Amino acid sequence: MAPTQAFVALLVAVAMGAAQAQASIILFDDTVASGTTSLPWYETTETTIVHSGTAALSASNGQFVFTNSSGWNVGNDYWLEAWVNTSTSTMSSVYLKLSYAAQTAISFLNRNVPTSYWLDGVKVASGTRGVTTDSDTHTWQLLRIDLTQITYTSWPYQLHQFDPATDLVTEVAFVASISNLLLDDVRLVSSDEATVWSNVPEPASIVVLALCLLPVLKRRPHPNRVPSICRRIVHCKENTI
Ligand SMILES: [Ca+2]
């Protein structure tokens, strides 16, 4: 295969790999997903301020609880994500409570589980009340938690690493400090997708990609027209096929 053809094949293979990310598990989009139960005496539907579709959720006591009696089998590498907003300009803190197997309502905040949240792509260490939203009611923020990062001390004191490959999640709860928090598009998402989302290309990577594409766009397939770094990438790819 000519180097230029191999390079184009490599680009296609990379694109196909990105498209084959694992499917997400939806807990709520406009309604609570099939197999999922929410606690309706806490939650109400918000139809004015929504992230997607026709509905989001609000909670009079600030608690959003989703349960699955069979348990969600989240696999090897899932993150939990939700879009959050506030119905007023007062900021709200929010943290995750997770229940699985014999562990009930483990609070992911600094007092119980040292963990980090990603808020709009920025890694934020949890405080004693979780993480804090902005005060803009017009802006939805993406909240993400890497479930595989969790090691915590339980009673009797022992370190336990939550393992999403084997531990069935039975309850997911978001706990807000005040009742103005809104929630939408709650789902478990693969780390493949999360990695793509969180790794914005560095400027240097963009320059290298542009240099690689230039000979293709100019239709100059001669190998000497392809930058050496691209030839090395193609050479390695061909040797692995
Ligand atoms: Ca929605």
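This is a predicted model: local features need pLDDT of at least 70, side-chain atom pairs count only at pLDDT 80 or more; totals for chains, interfaces and linings use all residues.

Modeller: Start with β9 and β12, which pair in the antiparallel sense over three bridges.

Biologist: What makes β9 and β12 a pair?

Modeller: Pairing takes at least two bridges found by DSSP. β9 and β12 have three bridges, so they pair. Within this pairing, W118 stands opposite R144 in β12.

Biologist: Which other strand pairs with β9 (residues 116-119)?

Modeller: Strand β10, residues 122-125. The two strands are antiparallel and share four bridges. Y117 stands opposite V124 in β10. The hairpin of β9 and β10 has two residues between the strands, and D120 in this hairpin takes a positive phi near 55 degrees.

Biologist: Now β6. How do you know that β6 is largely enclosed by the rest of the structure?

Modeller: By counting buried residues. Eight of the nine residues of β6 are buried, so the strand is largely enclosed.

Biologist: Why is T86 called buried?

Modeller: T86 has 24 other C-beta atoms within 10 Å. Buried means 20 or more, so T86 qualifies. T86 lies in strand β6.

Biologist: What does T86 touch, leaving aside its neighbours within four places in sequence?

Modeller: T86 is in contact with M91, S92, T133, S135, T137, N180, L181 and L182. The chain also brings S179 in: the C-alpha atoms of T86 and S179 are separated by 8.8 Å, though the two residues are 93 apart along the chain.

Biologist: Which strands pair with β6, and in what sense?

Modeller: β16 is one of them: eight bridges join it to β6, and the two run antiparallel. β12 is another, antiparallel over six bridges. In β12 the partner is D146.

Biologist: On to the core. Which residues have the most contacts inside the largest nonpolar core?

Modeller: V84, V94, F174 and L183. This core has 42 residues. The elements that give two or more residues to it are β1 (25-28), β4 (56-59), β5 (63-72), β6 (78-86), β7 (93-100), β12 (141-146), β15 (169-176) and β16 (181-190). The largest share, six residues, comes from β16.

Biologist: What does V94 touch, not counting residues up to four places away in sequence?

Modeller: V94 touches V84, G130, V131, T133, L143, F174, V175, A176 and L181. Among them are V84 and F174, which are also listed with V94 for the most contacts inside the core.

Biologist: Last topic, the backbone angles. What makes a positive phi worth a remark?

Modeller: Most residues other than glycine have a negative phi. A105 is not a glycine, yet has a positive phi of about 50 degrees. D185 is not a glycine either, and has a positive phi of about 50 degrees.

Biologist: Where do A105 and D185 sit?

Modeller: A105 is in strand β8, residues 103-108. D185 is found in strand β16.

Biologist: Are A105 and D185 buried or exposed?

Modeller: A105 has 12 other C-beta atoms within 10 Å. Exposed means 12 or fewer, so A105 is exposed. D185 has 21 C-beta neighbours inside 10 Å. Buried needs 20 or more, so D185 counts as buried.

Terms used:
Residues are numbered from 1 along each chain as its sequence is written. A nonpolar core is a set of buried Ala, Val, Leu, Ile, Met, Phe, Trp, Tyr and Cys residues joined through C-beta atoms within 7 Å. Two residues are in contact if their C-beta atoms, placed from the backbone, lie within 7 Å.
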